Amino acid sequence: MTAPTTRRAWLRGGLTTAAGLAVASCDKLTQSPQVNATLDGAESLNRRLHGLFVGRSALAREYDRSAISPDFRANGTTNPDSEEYQALAAGGFADWRLQIGGLVERPLSLSLADLQAAPARSQITRHDCVEGWSSIAQWRGARLGPLLTRAGLKPQARYIAFFCADTLELTLDGSGDYYETIAIADAFHPQTILAYEMNDAPLPVAHGAPIRLRLERQLGYKMAKYVMRIEAIDSFETLGRGRGGYWEDRGYQWYAGI
Amino acid sequence: MPLDKPLEGGRLLVFRHPAVVRITHWVNLASLVVLLLSGLQILCSHPAFYWGETARFAEPFAAIVSEMGNDGEPRSRLIAPGLNIDTTGLLGASKNADGLMTSRAIPHWLTLPGELDLGAGRRWHFFFAWLFVLNGALYLATGLLSRRLQRELVPTRDQLSHIGHALRDHLRLRFARGEEARRYNVLQKLTYLPVVFGLLPLMVLTGLAMSPAVDARLHLAMVLGGRQTARTLHFLCASGLVAFVVVHVGMVVLAGPVNELRSMITGWFVIKPAEEDTP
């Protein structure tokens, strides 16, 4: 009768040890750079596959007015506290200028009125937050593609970077300032706009006044609010901590199509 | 197919599971464990569920709600249809690895990684989602092409007509002997079939539906009734899988864990001789 008892004890001991080892090694595993680099491979695969199967121009679904959310949540910064931004907001953004520069032939400096006069698009789309919730709103804004064409992208340009007025984390080196980078192809997608209007009213401060990026086929954190400056760049390694965005620097995926 | 090997006492060693079934079974288990734990990590960032396309934040279908008590300690409740219970200590507020009470939907020992880290949770989730999908595709392709799945999982007419008998045997924990033990009984088939062709594919579909990029091409969210419906179904299907695993492991333990585990590791399964008095 000892055999089953021994076996059971051995099993129980083995399982307890395995569970203990699993928990201890879990922490090591989740913090290992090699493991994380391997796991990130899936994100590159998703990006390539989406490029192949979703295509460059497939449109995100657009909705009826009746679908608009009455309780669209404002996430991240809801009112940038810098003196510069507060002064611009107090003046109704009359003094605000959007700089479009970097790897372009003709840098632009655009007022809100200039943007409103540029080729525009209006769309009622769903905003998918990385946290899991979604809300629907109507957006109107200047299409980014024609603006970049006007500025004239240099051939080495590979990404478009957005620099924002909000600081989410106070750091000495400024790496807590919000910024984002997106692929050129996504910048020229017909639904990619610099929105200055939300639900038929000027874009509220909580949602990124005077303009926020709308990148409808990707997650909310890609859609930078309070955009002050846009640059065409060939690499984002020298920006922030080098991962292509405020949240990307803190472990989020750069592509964010899932 | 390897031949049966007779053992003492009229028992018979039969070859039950080919290598591809055994390997995909364990890879599936490993990927489901990682997907569950990293999925619970992702859930921590917004522990509320809704139906339809968008979140109506004030009226979730179900939610884990945390708030700070007067004593400075977090309190939490689980709210679901017909349910509003204090879950402090488990869901919504639990002790972290250092023993401090913290506001978090799922306790640290049930999430991957243990600390709150949405980006890392998503990294694990999407990597193992690929492993799960490729492994599942291998299982389905080999099973369907060899017609093993049709043979093993579809109940026969005869089995279906004796389902009441099978249910009584099952409840009395009388497990099949003799020739009957060479195949799955009707209750196993009626469980495995909807898990393999229902719950597991639904996990993939509801997961894909939540991707805004995939949604631009396939409109899966609309087909399923909205992105938040897809997310809620994703969670409910995962809960269904957890329930399945609990019962599945329970049955393995009751039916003879050594024999069952050996059959899923080596392929060889011992069947006991049929009893004379079996009706």
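The model is predicted, so local features need pLDDT of at least 70 and side-chain atom pairs count only at pLDDT 80 or more, while totals for chains, interfaces and linings use all residues. Residues are numbered from 1 along each chain as its sequence is written, chains are lettered from A and ligands numbered from 1 in the order in which they are written, and side-chain values use heavy atoms, with hydrogens and water left out.

**Strand 7 of chain A**

- Strand 7 (residues 193–198) of chain A is largely enclosed by the rest of the structure, because six of its six residues are buried (under 20% relative accessible area, with a 1.4 Å probe and protein chains only).
- Strands (E, at least two residues) and helices (H or I, at least four) are DSSP runs numbered from the N terminus.

**Pairing partners**

- Two strands count as paired if DSSP finds at least two bridges between them.
- Five bridges link strand 7 of chain A to strand 4 (residues 134–143) of chain A in the antiparallel sense, and R143(A) stands opposite I193(A).
- Strand 9 (residues 212–214) of chain A also runs antiparallel to strand 7 of chain A, with three bridges; here R212(A) is the bridge partner of A195(A).
- Strand 8 (residues 201–202) of chain A pairs with strand 7 of chain A over two bridges, again antiparallel, and P202(A) lies opposite E197(A).
- Strands 7 and 8 of chain A form a hairpin with two residues between them, and N199(A) in the turn has a positive phi of about 50°.

**Cavities**

- Two cavities of 30 Å³ or more are present; a cavity is a set of points, on a 1 Å grid over the protein atoms alone, where a 1.4 Å probe fits but cannot get out, and lining residues have an atom within 4 Å of a point.
- Grid points are joined across faces, edges and corners, and a volume is the space filled by probe spheres set on the points.
- The largest cavity holds about 80 Å³, and its lining includes R61(A), R126(A), D128(A) and E216(A), along with D215(B).
- Strand 3 (120–128) of chain A and helix 7 (212–218) of chain B are the elements that each give two or more residues to this lining.
- Four nonpolar, one polar and five charged residues make up the lining of the largest cavity.
- The second largest cavity has about 40 Å³ of space and is lined by D186(A), H189(A), T192(A), L215(A), E216(A), R217(A) and Q218(A).
- One nonpolar, three polar and three charged residues line the second largest cavity; Ala, Val, Leu, Ile, Met, Phe, Trp, Tyr, Cys and Pro count as nonpolar, Asp, Glu, Lys and Arg as charged, and the others, Gly among them, as polar.

Definitions and conventions: Buried < 20%, exposed > 50% of the residue type's maximum accessible area, 1.4 Å probe, protein only. 1 Å grid on protein atoms, 1.4 Å probe; cavity = no way out; pocket = protein on both sides within 12 Å on 5 of 7 lines; lining within 4 Å.
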